[in-house]
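I set out to record what I looked up in this structure, entry by entry.

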Amino acid sequence: MNIINGAQRIGLKSRAVKCSFKQLLQAVPYPCIAHWKESHFVVVYKATKKYIYISDPAKGKLSIDHKSFIKKWIQTGTKKGVVIGLEPEINFFDINLEEDRRPQRSVTNLLNYFAPYKSNIINLLVIMFLVTGLQATLPFLSRSIIDIGVGTSDVNFINIMLFANVGILLATTFSNAVRDWIILHLTSRINISLISDYLIKLMRLPITFFENKMIGDILQRASDHQRIREFIMGNSLNLIFSTMTFIVFAIILGSFNKTIFLLFLAGSLLYFFWVIGFLAIRRRLDTNYFSLMAQDQSYWVETVSGMQDVKINNYENAKRWKWENLQARLYKVNLKLTSVTNYQNQGGQFIEGLKNVLITIFCARSVVNGEMTFGVMISTQIIIGMLNAPIQQFIQFIISAQTAKISLLRINEIHQLENEETQASFNEVILPDNKDIYVRGVYYSYAPKTPYILKDIKLKIPEGKVTAIVGDSGSGKSTLLKMILRLYQPSQGEITLGSLNINTFSLHDWRSRCGVVLQDGKIFNDTVINNIIMGDEVVDYDRFRMAVSTAHIDKEIEALPKGYQTKMGEQGRGLSGGQKQRILIARALYKNPDFLFLDEATNSLDTINERRIVEALSQSFVGRTVVVIAHRLSTIKNADQIVVMKDGRIIEVGNHATLMERNGYYGELVNTQLTFALQE
């Protein structure tokens, strides 16, 4: 895990896998890191039919035969070994570790994705040259068939030319099939890398980004990668092939007849400028279209996830009408795009048709006047057809480039955002002896020039004690908790652990020490056990049993047909609210944290389960620093310290007895709660 974390911090994507020796040879990219003798690590950088080449930090570079390698690499009692695959992210060579700055993405540095596939690209270019060369012979063969074979009535010559054409056709078909397979391989690998880098970046962004961004917009930007991939893999590679074809056949056409070549060039330039003239209009419409598509995706996510509230509140018609209004706006943009495309295409087709007619008439007159043979005329038409395709592809390349540029700008907005964690806090810090948490003069607002949610918060959370935070909804309790977890950063002030600012700790290290249950905690579409251990590869079953027992969820889960291997639906579908809450509590306890943060952790539980869990949790609180946000008196009355908040400020601090004696705001909250309890 330390190797993986270190690799990711310097811009290397990594993944640990168990694989067979055959998979190591065929599927794992080199270089990779192999777990050696189950106690050491070596770099595997090359493999041949007889030897595996490794770089051992203890012994240097070595070549080892397959049998010896397998003996030292395969895990005892299995047929597999462990390796860590590593691949550079796109900006790996541009990362500035001191400034934690990443440059903007451009089409140029997107080409870095091709770096691992140089041999494939070389093969692709060779095939393109081969296909172009084969196609270049077709006009000459056609001219020879007509002028020599037909002109001299030489059937044998015609048959030879026929076999030559069939041979060229077969070779071209086979070459194109190989080309398509290589492109498919490259496209699949590069597409995964593109989306993977985007997902990595998203996971490094602070939680405030996701709170302020529409889900549909995030999904739409993932689709933007598809357009960029298509531009690079489809249009760009086709442009290389088309450019070679155009140059070869333009030379051939010029050698056949310079006048025809000039006619073709003039018509093609007119066609080119006609199409380019519409790009500015298309750019505005495309930008508007992408924005509306993001709203459309957000609508579907919001509607499907909130269907229960839609039905309960008879909101179906109004919700559908909002979608129809959005579709009307999309229709108008699509209508304008279609109109622009029609003008662009129809005008272009007219210019292309006029150019072809003029060339055909010129050729026909030349044949009649004896200035050109009939075979040359037919060959010229074949050449014109071969030249028209590259022109079309070049135009398509320009249109696709504009769309890709818009997508690239949208993606750059994400990649230029500041990461949640900077390089300065990457180094693991030894925690101080004094582990009291101090909140020193903290202010917080969700956005600049908006009212402060927290105002001048000064608080000591003592080590090994239970601190409860109470107050009205909207008083800032959960916001303060999220700031301690570094989900939010203070607008002013600081939070320290002893004398050390918590921002100096590695985020991963800090959160690994914190067990958390939030009001909006999520259950993932996975098994119950995976929802509790959260990616822990080696399950500590003693700790697991303690966690589910303390959360009083063990008996209910064990009664299911598949027990802890039962797969939950999305968002915990199939579980009651109380069961979800208890799984979240078990998840927090399984981490065996030094710090435990509970935000309304028992608010979905019935009175009996709440009492059981509170009693069980009191045993888990011993020796831990605990912060509890709750409304119910039963949850907070035994806390060592109770912090009372109102309107973003701390107005009272003390234990239950002292605060009740003061008969202040806390006493008012307690009395109100008791009154409602008696009425029930």
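**Strand pairing.** I looked up the neighbours of β14 and found that strand β9 (residues 466–471) pairs with β14 in the parallel sense over four bridges. I took two strands as paired if DSSP finds at least two bridges between them. Helices (H or I, at least four residues) and strands (E, at least two) are DSSP runs, numbered from the N terminus. Within β14, Val628 is the bridge partner of Ala468. Strand β13 (residues 595–599) also pairs with β14 in the parallel sense, over five bridges, and here Val626 in β14 is the bridge partner of Leu596.

**Basis of the values.** I note that this is a predicted model, in which local features need pLDDT of at least 70 and side-chain atom pairs count only at pLDDT 80 or more, while totals for chains, interfaces and linings use all residues. Residues are numbered from 1 along each chain as its sequence is written, and side-chain values use heavy atoms, with hydrogens and water left out.

**Burial of β14.** Is β14 covered or open? I found it mostly covered, as five of its five residues (625–629) are buried. Buried means under 20% relative accessible area, exposed over 50%, and partly exposed in between (1.4 Å probe, protein chains only). In a regular strand the side chains alternate between the two faces of the sheet. In β14, Thr625, Val627 and Ile629 lie on one side and Val626 and Val628 on the other, and all are buried.

**Nonpolar cores.** A nonpolar core is a set of buried Ala, Val, Leu, Ile, Met, Phe, Trp, Tyr and Cys residues joined through side-chain atoms within 4.5 Å. The largest one has 46 residues, and Leu253, Ile260, Phe264, Ile383 and Leu387 have the most contacts inside it. At least two residues of this core come from each of α5 (118–136), α7 (155–204), α9 (215–256), α10 (258–276), α13 (316–368) and α14 (374–415). I noted that α14 gives the most, with 13 residues. I then listed the partners of Leu253; among them are Phe261, Thr380 and Ile384, where contact means heavy atoms within 4.5 Å. A second, separate core of 45 residues includes Ile529, Ile533, Tyr564 and Ala601.

**Annotated segments.** The unreviewed UniProt entry places the feature "transmembrane region" at residues 121–142, 154–175, 231–254 and 260–281. Such positions are given in the numbering used here, feature names are shortened, and annotations may be inferred rather than shown by experiment. I checked residues 121–142: the span is 95% helix and 0% strand, and its end C-alpha atoms lie 32 Å apart.

**Backbone.** The peptide bond from Tyr30 to Pro31 is cis, with omega near -5°, and Pro31 lies in the loop between α2 (21–26) and β2. Lys37 is not a glycine, yet has a positive phi of about 55°. Lys37 sits in the loop between β2 and β3 (40–47) and counts as partly exposed because its relative accessibility is 45%. Asn592, also not a glycine, has a positive phi of about 50°. Asn592 is placed in the loop between α20 (577–590) and β13, and its 44% relative accessibility is why I recorded it as partly exposed.

**A buried loop residue.** Ile523 lies in the loop between β12 (514–517) and α17 (528–533). Ile523 counts as buried because its relative accessibility is 4%.

Note on methods
Lists of a residue's contacts leave out its neighbours within four places in sequence.
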